[in-house]
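Thanks, everyone. Please have the structure open.

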Amino acid sequence: MKKLDLARDVLDKQVVDRDETKMGRVDGLILELRGDRPPRIDAIEMGFVVLARRMGPRVERWLEKLRRFSIRKTARQRVAWEKVIEIKPYQIQLDLKAIDTPAFAWERWLRDHFVAKAEAKPK
Amino acid sequence: MSTPKIHFELLLGKVVRDPQGVGVGRIFSAHAEIEGADAVVREFLLGPGALLARFGISFPRWKPVRVPWDLIDIADPEHPRLRCSAAELAGRQRS
(Lines give C-alpha, C1' and ligand atoms only; values in the text may rest on other atoms or scores of the structure.)
Protein backbone atom coordinates (compact mmCIF):
# COMPACT_ATOMS: atom_id res chain seq x y z
CA MET A 1 0.00 0.00 0.00
CA LYS A 2 1.59 3.22 -1.15
CA LYS A 3 2.19 5.84 1.55
CA LEU A 4 2.24 9.57 0.95
CA ASP A 5 3.70 12.42 2.95
CA LEU A 6 1.17 15.10 2.04
CA ALA A 7 3.44 18.09 2.62
CA ARG A 8 6.49 16.53 0.93
CA ASP A 9 4.96 14.40 -1.83
CA VAL A 10 1.77 16.25 -2.85
CA LEU A 11 1.65 19.91 -1.80
CA ASP A 12 3.49 22.29 -4.17
CA LYS A 13 4.22 19.49 -6.63
CA GLN A 14 4.14 20.11 -10.38
CA VAL A 15 0.85 19.01 -11.97
CA VAL A 16 0.77 17.60 -15.51
CA ASP A 17 -2.06 16.30 -17.67
CA ARG A 18 -2.28 12.90 -19.35
CA ASP A 19 0.09 14.11 -22.11
CA GLU A 20 2.54 15.37 -19.46
CA THR A 21 1.78 19.02 -20.27
CA LYS A 22 2.48 21.23 -17.27
CA MET A 23 -0.60 22.90 -15.85
CA GLY A 24 0.40 24.40 -12.53
CA ARG A 25 1.24 23.25 -9.05
CA VAL A 26 -0.75 21.78 -6.21
CA ASP A 27 -1.49 24.92 -4.20
CA GLY A 28 -4.05 23.36 -1.89
CA LEU A 29 -5.50 20.07 -0.70
CA ILE A 30 -9.08 19.54 0.36
CA LEU A 31 -9.61 16.96 3.10
CA GLU A 32 -13.03 15.44 3.66
CA LEU A 33 -13.77 14.81 7.35
CA ARG A 34 -15.83 11.66 7.67
CA GLY A 35 -16.50 11.45 11.41
CA ASP A 36 -15.74 7.89 12.50
CA ARG A 37 -13.63 7.15 9.47
CA PRO A 38 -10.22 8.61 8.66
CA PRO A 39 -10.17 11.80 6.58
CA ARG A 40 -9.63 11.36 2.86
CA ILE A 41 -8.22 13.67 0.21
CA ASP A 42 -11.21 15.01 -1.67
CA ALA A 43 -9.53 17.24 -4.24
CA ILE A 44 -6.45 19.24 -5.14
CA GLU A 45 -6.65 22.97 -5.80
CA MET A 46 -4.59 25.13 -8.10
CA GLY A 47 -4.52 28.89 -8.54
CA PHE A 48 -2.74 31.96 -7.22
CA VAL A 49 -5.71 32.80 -4.99
CA VAL A 50 -5.37 29.37 -3.36
CA LEU A 51 -1.69 30.06 -2.75
CA ALA A 52 -2.54 33.49 -1.34
CA ARG A 53 -4.79 31.87 1.23
CA ARG A 54 -1.68 30.46 2.92
CA MET A 55 -0.41 34.00 3.46
CA GLY A 56 -3.62 35.07 5.11
CA PRO A 57 -7.30 35.71 4.41
CA ARG A 58 -6.66 39.40 3.66
CA VAL A 59 -4.15 38.60 0.92
CA GLU A 60 -6.58 36.05 -0.51
CA ARG A 61 -9.40 38.63 -0.64
CA TRP A 62 -7.12 41.25 -2.21
CA LEU A 63 -5.93 38.93 -4.95
CA GLU A 64 -9.47 37.72 -5.53
CA LYS A 65 -10.42 41.31 -6.33
CA LEU A 66 -7.41 41.75 -8.62
CA ARG A 67 -8.27 38.55 -10.48
CA ARG A 68 -11.36 40.24 -11.94
CA PHE A 69 -9.06 42.19 -14.22
CA SER A 70 -7.24 39.06 -15.31
CA ILE A 71 -7.82 36.96 -18.40
CA ARG A 72 -8.23 33.91 -16.17
CA LYS A 73 -11.78 34.04 -14.89
CA THR A 74 -11.42 31.11 -12.54
CA ALA A 75 -9.62 32.00 -9.31
CA ARG A 76 -9.17 28.45 -8.25
CA GLN A 77 -9.26 25.21 -10.11
CA ARG A 78 -10.39 22.21 -8.15
CA VAL A 79 -9.67 18.71 -9.43
CA ALA A 80 -11.14 15.64 -7.76
CA TRP A 81 -8.57 13.25 -6.31
CA GLU A 82 -10.02 10.46 -8.47
CA LYS A 83 -8.44 12.22 -11.48
CA VAL A 84 -4.93 11.54 -10.18
CA ILE A 85 -3.31 8.88 -12.34
CA GLU A 86 0.20 8.76 -10.96
CA ILE A 87 2.25 10.40 -8.23
CA LYS A 88 5.94 10.67 -8.99
CA PRO A 89 8.65 12.29 -6.81
CA TYR A 90 8.68 15.36 -9.09
CA GLN A 91 5.13 15.57 -10.51
CA ILE A 92 1.52 14.50 -10.22
CA GLN A 93 -0.27 13.35 -13.35
CA LEU A 94 -3.99 13.95 -13.85
CA ASP A 95 -6.43 12.21 -16.14
CA LEU A 96 -7.49 15.25 -18.15
CA LYS A 97 -6.27 17.60 -20.91
CA ALA A 98 -4.70 20.84 -19.73
CA ILE A 99 -5.98 22.84 -22.72
CA ASP A 100 -9.56 22.15 -21.65
CA THR A 101 -9.05 23.45 -18.10
CA PRO A 102 -8.96 26.97 -16.61
CA ALA A 103 -5.20 26.45 -16.16
CA PHE A 104 -4.74 27.25 -19.84
CA ALA A 105 -6.98 30.33 -19.97
CA TRP A 106 -4.08 32.63 -20.93
CA GLU A 107 -2.89 30.26 -23.63
CA ARG A 108 -6.37 29.99 -25.13
CA TRP A 109 -6.76 33.79 -25.09
CA LEU A 110 -3.44 34.27 -26.86
CA ARG A 111 -4.32 31.56 -29.36
CA ASP A 112 -7.69 33.15 -30.14
CA HIS A 113 -6.61 36.81 -30.19
CA PHE A 114 -3.11 36.71 -31.64
CA VAL A 115 -2.04 33.38 -33.12
CA ALA A 116 -5.29 32.79 -35.03
CA LYS A 117 -5.23 36.33 -36.43
CA ALA A 118 -1.57 36.10 -37.41
CA GLU A 119 -2.22 32.85 -39.23
CA ALA A 120 -5.30 34.31 -40.95
CA LYS A 121 -3.39 37.26 -42.42
CA PRO A 122 -2.60 36.82 -46.11
CA LYS A 123 1.14 36.47 -46.76
CA MET B 1 -25.83 15.34 3.54
CA SER B 2 -22.41 16.75 2.65
CA THR B 3 -19.47 16.03 4.92
CA PRO B 4 -17.31 18.90 6.22
CA LYS B 5 -14.19 19.72 4.26
CA ILE B 6 -11.08 21.62 5.25
CA HIS B 7 -7.97 22.94 3.54
CA PHE B 8 -4.96 20.86 4.57
CA GLU B 9 -2.45 23.63 3.83
CA LEU B 10 -4.12 25.82 6.47
CA LEU B 11 -3.27 23.20 9.10
CA LEU B 12 0.45 23.44 8.48
CA GLY B 13 2.30 25.29 11.20
CA LYS B 14 -0.67 25.35 13.58
CA VAL B 15 -0.08 24.39 17.20
CA VAL B 16 -1.99 21.34 18.41
CA ARG B 17 -3.19 21.61 22.02
CA ASP B 18 -4.71 19.03 24.31
CA PRO B 19 -8.02 19.60 26.17
CA GLN B 20 -6.09 21.28 29.01
CA GLY B 21 -4.48 23.73 26.60
CA VAL B 22 -1.03 22.14 26.68
CA GLY B 23 0.71 22.48 23.33
CA VAL B 24 2.15 19.29 21.87
CA GLY B 25 3.69 20.66 18.69
CA ARG B 26 3.00 22.24 15.32
CA ILE B 27 1.57 20.25 12.43
CA PHE B 28 4.14 19.98 9.66
CA SER B 29 2.76 17.12 7.62
CA ALA B 30 0.43 14.12 7.44
CA HIS B 31 0.79 10.60 6.16
CA ALA B 32 -1.84 9.14 3.85
CA GLU B 33 -2.28 5.69 2.35
CA ILE B 34 -3.55 4.98 -1.13
CA GLU B 35 -6.56 2.64 -0.93
CA GLY B 36 -7.79 2.09 -4.46
CA ALA B 37 -8.90 5.43 -5.81
CA ASP B 38 -8.82 7.03 -2.36
CA ALA B 39 -6.01 8.56 -0.35
CA VAL B 40 -6.81 8.16 3.34
CA VAL B 41 -5.05 10.17 6.03
CA ARG B 42 -3.71 7.93 8.80
CA GLU B 43 -1.64 10.20 11.02
CA PHE B 44 -0.42 13.75 11.49
CA LEU B 45 3.20 14.62 12.13
CA LEU B 46 4.09 17.29 14.66
CA GLY B 47 7.20 18.96 16.00
CA PRO B 48 10.68 19.83 14.74
CA GLY B 49 11.30 16.21 13.78
CA ALA B 50 8.33 16.39 11.39
CA LEU B 51 9.70 19.54 9.77
CA LEU B 52 13.10 17.92 9.29
CA ALA B 53 11.45 14.79 7.85
CA ARG B 54 9.95 16.94 5.09
CA PHE B 55 13.49 17.57 3.91
CA GLY B 56 14.51 13.96 4.30
CA ILE B 57 16.55 14.66 7.44
CA SER B 58 16.21 12.46 10.49
CA PHE B 59 17.88 12.72 13.86
CA PRO B 60 17.38 9.98 16.46
CA ARG B 61 16.74 12.60 19.15
CA TRP B 62 14.27 14.55 17.04
CA LYS B 63 11.66 12.12 15.92
CA PRO B 64 8.31 13.43 14.65
CA VAL B 65 5.40 13.27 17.07
CA ARG B 66 2.91 10.97 15.34
CA VAL B 67 -0.74 11.58 16.12
CA PRO B 68 -3.23 9.05 14.73
CA TRP B 69 -6.15 10.60 12.87
CA ASP B 70 -8.67 9.59 15.52
CA LEU B 71 -6.81 11.45 18.29
CA ILE B 72 -6.93 14.85 16.64
CA ASP B 73 -9.83 17.16 15.87
CA ILE B 74 -9.09 19.25 12.78
CA ALA B 75 -12.58 20.57 12.11
CA ASP B 76 -11.22 24.07 12.91
CA PRO B 77 -7.90 24.25 11.00
CA GLU B 78 -6.86 27.36 12.94
CA HIS B 79 -7.14 25.52 16.27
CA PRO B 80 -6.53 21.78 15.92
CA ARG B 81 -7.24 19.91 19.14
CA LEU B 82 -5.92 16.69 20.60
CA ARG B 83 -8.64 14.34 21.84
CA CYS B 84 -6.42 12.98 24.64
CA SER B 85 -4.03 14.63 27.08
CA ALA B 86 -0.44 15.44 26.13
CA ALA B 87 0.75 12.93 28.74
CA GLU B 88 -1.35 10.15 27.19
CA LEU B 89 0.04 10.96 23.77
CA ALA B 90 3.60 10.91 25.10
CA GLY B 91 2.89 7.51 26.68
CA ARG B 92 1.67 6.18 23.33
CA GLN B 93 4.80 7.47 21.58
CA ARG B 94 7.05 5.61 24.05
CA SER B 95 5.19 2.30 23.69
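**Chain B against chain A**

Chain B and chain A bury about 2,700 Å² between them, and carbon and sulfur atoms give 64% of that area. Keep in mind that this is a predicted model. Why quote an area at all? Because the size of an interface is often given as the accessible area lost when the parts come together.

Now the residue count. On the chain B side, 29 residues make contact, and they meet 32 residues of chain A.

The rule finds three salt bridges across the interface of chain B and chain A. One to look at is B:Glu9 with A:Arg53. The closest N and O atoms of that pair are 2.9 Å apart.

Which elements of chain B supply the side that touches chain A? Four of them give at least two residues each: strand 1 (5-7), strand 3 (23-35), strand 4 (38-46) and helix 1 (48-54). Strand 3 of chain B has the largest share, with eight residues. By type, the chain B side divides into 18 nonpolar residues, seven charged and four polar.

The two chains also pair strand to strand. Strand 1 of chain B runs antiparallel to strand 4 of chain A, residues 28-34, over three bridges. Find B:His7 in strand 1 of chain B; opposite stands A:Ile30. As a reminder, strands of a sheet pair through backbone hydrogen bonds, either parallel or antiparallel.

**A sheet in chain A**

Turn to chain A. Here we have an open sheet of four strands, in the order 3-2-8-7, with mixed pairing. Which strands are at the edges? Strand 3 (22-25) and strand 7 (84-87) of chain A, each pairing on one side only. From one strand to the next, the twist averages 25 degrees.

Strand 7 of chain A pairs with strand 8, residues 91-94, antiparallel and over three bridges. Within that pairing, A:Glu86 has A:Gln93 in strand 8 as its bridge partner.

Strand 2 of chain A, residues 14-16, and strand 3 run antiparallel, joined by two bridges. A:Gln14 is bridged to A:Arg25 in strand 3. The hairpin of strands 2 and 3 of chain A has five residues between the strands. What is the phi of A:Glu20 in that hairpin? A:Glu20 takes a positive phi, near 65 degrees.

That's my tour. Questions, please.

Technical notes: Residues are numbered from 1 along each chain as its sequence is written. Chains are lettered from A and ligands numbered from 1 in the order in which they are written. This is a predicted model: local features need pLDDT of at least 70, side-chain atom pairs count only at pLDDT 80 or more; totals for chains, interfaces and linings use all residues. Side-chain values use heavy atoms; hydrogens and water are left out. Contact means heavy atoms within 4.5 Å. Buried area is the accessible area (1.4 Å probe) that two parts lose on being put together, summed over both. A salt bridge is a side-chain nitrogen of Lys or Arg within 4 Å of a carboxyl oxygen of Asp or Glu. Ala, Val, Leu, Ile, Met, Phe, Trp, Tyr, Cys and Pro count as nonpolar, Asp, Glu, Lys and Arg as charged, and the others, Gly among them, as polar. Two strands pair if DSSP finds at least two bridges between them. Axes are lines fitted to C-alpha atoms, for helices over the stretch in contact, and angles run from 0 to 180 degrees between N-to-C directions.
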